[in-house]
Amino acid sequence: MTLSDAIKQEAHGLGFDAVGISRVAAESEDAATPLPQFLHRRLLEWLQRGYHGTMTWMERDAARRADPQQVLSGCRSVISLGMNYYTPHRADERPGYGRIARYAWGEDYHEALKQRLEQLEGRIRTLAPGAVTRWYVDTGPVMEKAWAQQAGLGWIGKHSNLVSPRYGSWLLLGEILTTIDLEPDEPGTDLCGSCMLCLKACPTGAITEPYVVDANKCISYLTIELHRPEDEIPEELAHKLGNRIFGCDDCLDICPYNAQATATDEPAFQPSTLTLAPHLTALSELSERAFTTTFRRSPLRRAKHRGFLRNVQIAIQNLRRVSC
Ligand code: B12
Ligand code: SF4
Ligand code: SF4
C-alpha cells in the first residue's frame, strides 16, 4: 500500500466521507499545476468588484490565500477532506417558523472536523516521521473548494460550491497541508453542463454569472456575516429573505446532484427540534444570555445575538407582509 493510500484509509477510518490529494508544484518546477496563479487572479477580480462586502479579512494577503506554499513553507501536497452533513429531515415550513441553513442544523462543523484533522495529523506523522503538517477547516488562508476540486472530491458548480458526484453539495471541507510528496488524484470534472437551475433559484440574484457569487446580495452573508452595529440589510433585500433567519440553501436545494444524497449518521450533524422548527415569536424574545447558552455549540453563534434577532424581526415582518 502506498503512503497516499494509507493516509486515505486512516481518513476514512476517522469518519471522513471524502478524501483526495493535490500536488503542489515546487517553485523551481515548471508548474504542472498553475492553480495558485488561477486562484490569485480569480480572487483579485472578486475583491476588486467588492464582492466580499464587509469581509475585509478576505483582502489580507490574497497571494498567500491562493498559494499553499506561502502558507506552509515547503508544502508539496494538499490533502482535502470532506464530511457529509446531509440528513433526511425537512424544515418545518408552516407560517410562523424560520428557516435555518442545513449546515447549521447540528453542532458546529468546525469542531467535528477539527478533532478528526488533528487525529489524522498524528497518524500521518507516525506513517511519515519528519512530515510537517498544518490543518485548516475554514480557519485559514486556503481556498478550500478549489483544492477539493483539484483533489477529485467533486467540481465547483455554478453556485460556486463544491458538488460531489456521491454526496452532492452536502460536504463540509477541511484540509491538511504537508511537506511530503504524495500521489495526486485526478481533478474533478465539471458536470454542470448547460444547467442554470441554481442561478435561476437564487432569490436575490447573488450568483451574478456562473461560478461567481456577490456576497453583498447573498442571504447567507446578509444573515450570518452582517452583524456589526453599523451593518444594515438593505430594504430591497430584506423583503427577499422570506423566513430565512440563518444562511440559505436555495441554490443547493435545487441542484439535481443533490436528489440522491446519502444521509450521514454523524451525531454532530443531527438536527434538533429548535433548528428544524425555529419559532419566530419565541426567538424574538431570546435574551443575549439565552442566545449564548442555547447556541454555544452551534454555528448560529456567528450571527451574534444582535444579527440573529434582526434576522428574526425581518422574518416576522415578511410573514406579516405575506398574510396582509
Ligand atoms: C467567504 C465564504 C463565503 C461567503 C462568500 C461565498 C463565495 N462563494 O465566495 C458567503 C458568506 C456568501 C458564503 C456563503 C456560503 N458558504 Co461559505 N465560505 C467562504 C470561505 C470562507 C471562502 C470562499 C472564498 O474563497 N471566496 C472567494 C471567491 C473568489 O472564491 P469562490 O467564489 O470560491 O470562487 C472560486 C470559484 O468560483 C472558481 N471559479 C471561478 N470561476 C470559475 C470558472 C470555472 C470554469 C471553474 C471551474 C471555477 C471557477 O474559482 C474561484 C476561486 O476558487 C469558504 C472557506 C474557505 N476558506 O475556502 C467557505 C465555504 C465555501 N462556505 C461553505 C458553505 C457551506 C457556504 C453556504 C452553503 C452556507 C449556507 N448554507 O448558508 C453558503 C453558500 C453560498 C454560495 N452560493 O457560495 C463551504 C462550502 C462547502 C462546499 N461543498 O463547497 C466552505 C468551503 C466552508 C467549509 N469549510 O466547508 N461563504
Ligand atoms: S445561498 Fe441563497 S442567496 Fe446565496 S447564492 Fe445561494 S441561493 Fe443565492
Ligand atoms: S444546479 Fe445545475 S448549474 Fe447549479 S451546481 Fe447544480 S448542476 Fe451545476
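Helix H5 (residues 109-127) lies across E2, E4 and E7 and runs at about 30° to E7. Helices here (H or I, at least four residues) and strands (E, at least two) are DSSP runs, numbered from the N terminus. The angle is taken between N-to-C directions on a scale from 0 to 180 degrees, with axes being lines fitted to C-alpha atoms, for helices over the stretch in contact. Contact is meant in the sense of two C-beta atoms, placed from the backbone, that lie within 7 Å. The model is a predicted one, so to speak of local features pLDDT must be at least 70, side-chain atom pairs count only at pLDDT 80 or more, and totals for chains, interfaces and linings use all residues. As for labels, residues are numbered from 1 along each chain as its sequence is written, while chains are lettered from A and ligands numbered from 1 in the order in which they are written.

Four strands make it up, open and antiparallel, in the order E1-E2-E7-E4; strands pair if DSSP finds at least two bridges between them. Strand E1 (18-23) and strand E4 (133-136) sit at the edges, each pairing on one side only. On average, neighbouring strands of this sheet are turned by 20° against each other, direction ignored. Helix H1 (residues 3-13) also packs on the sheet, where it touches E1 and strand E2 (77-84), and its direction makes about 150° with that of E1. E4 and E7 run antiparallel and are joined by four bridges. One residue pair across these strands is tyrosine 136 with its bridge partner in E7, glutamate 175.

Then there are the ligands. Around ligand 1 there are 37 residues, of which Ala101, Asn161, Leu162, Ser220 and Gly247 come nearest; a residue is near a molecule if its C-beta atom, placed from the backbone, lies within 6 Å of it. Two or more residues of this shell come from each of helix H2 (35-48), helix H6 (144-150), strand E7 (171-178), strand E9 (212-213), H8 and H10. H2 gives the largest share, four residues. By class the shell holds 24 nonpolar, six polar and seven charged residues, where Ala, Val, Leu, Ile, Met, Phe, Trp, Tyr, Cys and Pro count as nonpolar, Asp, Glu, Lys and Arg as charged, and the others, Gly among them, as polar. Ligand 1 lies between domain 1 (3-87 + 105-178) and domain 2 (197-323), because both give residues to its shell; the domain bounds come from an automatic or database assignment.

Ligand 3 also lies between domain 1 and domain 2, since both contribute to its shell. Of the 13 residues around ligand 3, Gly157, Cys192, Cys195, Cys198 and Cys255 come nearest, and the shell splits into ten nonpolar, two polar and one charged. Ligand 2 has 13 residues around it, with Cys202, Cys218, Cys248, Asp250 and Cys251 nearest. Helix H8 (219-225) and helix H10 (250-253) are the elements that give two or more residues to that shell, whose classes come to nine nonpolar, three polar and one charged.

Finally, two aspartates stand out in the backbone. Aspartate 61, in the loop between H2 and helix H3 (62-66), has a positive phi of about 55° although it is not a glycine. Aspartate 61 is partly exposed, with 13 other C-beta atoms within 10 Å; the cut-offs are 20 or more for buried and 12 or fewer for exposed, with partly exposed in between and C-beta atoms placed from the backbone. Aspartate 138, in the loop between E4 and H6, likewise has a positive phi, near 60°. Aspartate 138 counts as exposed because it has 12 C-beta neighbours inside 10 Å.
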